[in-house]
Amino acid sequence: MARNSIWNKRRKKELRFLVLSLTPFFAMLFIFKIFPIFANFYYSLRDIEVQTQGVFVGLKNYQTLVRDPLFYKVLRNTFTYLLYVGPINIIFGFLLALLLNQKLKGTTFSRAVIFVPYILMTTLVGITFRWILDGNSGLLNHYLSYLGIEPIYWLTKSSTAMLGIAIASIWWTIGYNTVIYLAALQGVPREYLEAASIDGAGRIKRLTKITIPCVKNTTFFVVLTTVIYSMQVFGQVYVMTSGGPNYSTLTFVQYLYIKAFREFKLGYAATIGVVLFLIILAMSIAIFWMFGDHDSLKAKWLGKRRAKFEKK
Amino acid sequence: MKKNNNSKKIYRALLYVLLIMVVIIFLAPLLWILSTSFKTTQEIFNGLYNWIPQTFTLDNYREAITEYPLGEWMRNSLIVVGLVILLSSVFYILPAYALACINFKGTGFLVLLMVATIMIPKELSSIMSYKIVASLELLDTYAAVVIPQICDAIGVFLLYQFFRTIPREYSEVCQLDGGGHFTILRKIYLPLSGPAISVMVILTFVTSWNNFFWPLLVTFTNKSMTLPVGLATIMTSYSESSASRQYGLLMAISLLTSIPALTLFVLMQRRFIEAITISGIKG
């Protein structure tokens, strides 16, 4: 009896602690992360302003969107950016990690150098590359002229503006992928590589048959984040070209920004947000499916739950 | 045998050449900022592209400090980042502990929910967040910048993962001595979690210091404007032609404003890279 009441008291105390510790964070998570996604769906069906809930307009915003020529431009621009940045950031991020993983002098220093751009502010990267990519007196054109290349007006011509932004973005973010790949490479078992080497496998063969399969999970993560971050590109564009020239660098998030916070068409902006969300969701699912780890993932989750069950 | 040795040497030499090229390519933009910032305007456009300034001038720095409210923006950024780190320490450690160390129904669901939100771009929640902040009449205040940043699930998830590695026996002993959860957390978990917490703090610092999109929406004056937004206003206020005259000044500003993050990086380089790696592998 007495024991029971002590237990009850403890249980009560524990419950109070749980509520106290979980509520603030999860409340924030719901208010600023989870509800807003649903809110976008709700807002997209309305004509809405900052201070009011607006009126229901059905699918009008979606009808406007499919007829909006700028929207198609935005789609194309964002995917162009992804095509420039994605493969290079992933493949060269991996190759750089391979290089830094060799037993060479100065790799620690080099790793820091490759990573340091990542901690700079986006706006700062944008300003710096506006200067480096300057058509008349930029550094890049100067060195390209040694190769006999005529000055390129990177950011002021529609055909090259997105490429210019991609160059800045690659310099800024590739170090992130390199650092993550580097950690994964250090986890590749040495014995495998040595055994393969004894069996007469060359460098290329060891790379394709052992190293790359061993870092598959990291590749999955790197592909996923690179794709998602590329779809969100904003800061560099804002500073370097503000979407121009002739809308050739206007991206998804920037279009959302302009519609929502310059023109205050929140309903229409929410519609753009919904479409971006669905695109990112579809691409994430495709990447999950591509890496086809359904079984091991399931096993991992089930295993975790079983372990917890047994603990109880 | 000898031939094999030679080819190995050549291979290594090639790797070194490659490594040096990579380092040069990555360092060049940073060195160019440094070089440009000490040049006079005439020298910047003299077409020589010399890396070491001929006439060394501090005018750009003088102008940067006197013409632009860099100090105010820097102060705002530091206050915002400080508040975010302070608040998130409390907001992240407690739920991470509760999820990792207390048995209750729904842990799995809450963790899953948390992880699912990590991949959602924060720009997508901006419309509702903006409406909330606007209706609370918080626009252009520190609170508006700080509050929506305290919901980064990566931080909680990292701590949660770390707390799970601490043996339960420790806390059971403490519990037998009559200690509540706050005591267990303070006496056992926190002292053991130095590395994990520093990883969380560094991650929070990097994301918050560089955060551009959200502060751009909710700050309008120097009262609350953070550095990234301030820099953007300088840049967008220049037209294409006038910007090209001002690059010495802009590079001086870039250099001055990156000092806090760069200093921190140089001092804690290993921790920084460790933090990013862990977030990548676990996230």
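1. Let's start with a loop in chain A. Ser242(A) sits between helix 11 (235-240) and helix 12 (252-261) of chain A. This is a predicted model, so take the backbone angle here as a computed one: phi of Ser242(A) is near 40°, a positive value in a residue that isn't glycine. Most residues other than glycine have a negative phi, hence the flag. Ser242(A) counts as partly exposed because it has 15 C-beta neighbours inside 10 Å, and the partly exposed class lies between the cut-offs of 12 or fewer for exposed and 20 or more for buried.

2. Phe264(A) is another one to look at. Its phi is positive too, at about 50°, and again the residue is not a glycine. You'll find Phe264(A) in the loop between helix 12 and helix 13 (266-290) of chain A. Buried or exposed, with 12 C-beta neighbours inside 10 Å? Phe264(A) counts as exposed, because 12 or fewer neighbours is the cut-off for that class.

3. Now helix 3 of chain A, which covers residues 69-100.

4. Over to chain B, which is divided into domain 1 (2-62) and domain 2 (68-282). The C-alpha centres of these two domains of chain B lie 34 Å apart. Nine residues from domain 1 of chain B and eight residues from domain 2 of chain B make up the contact. On the domain 1 side, the elements giving two or more residues are helix 1 (2-37), helix 2 (41-44) and helix 3 (59-67) of chain B. Helix 1 of chain B gives the most to that side, with four residues. By class, the domain 1 side has four nonpolar, four polar and one charged residues.

5. Last, the two chains together. How many residues of chain B are in contact with chain A? The count is 73 residues of chain B, against 79 residues of chain A. Helix 1 of chain B gives the most to the chain B side, with 12 residues. That side of chain B has 52 nonpolar, 18 polar and three charged residues.

Technical notes. Residues numbered from 1 in each chain as written. Chains lettered and ligands numbered in written order. Predicted model: local features only at pLDDT ≥ 70, side-chain atom pairs only at ≥ 80, totals over all residues. Expected span 1.5 Å × (residues − 1). Domains from an automatic or database assignment. Contact = placed C-beta atoms within 7 Å. Nonpolar A, V, L, I, M, F, W, Y, C, P; charged D, E, K, R; others polar.
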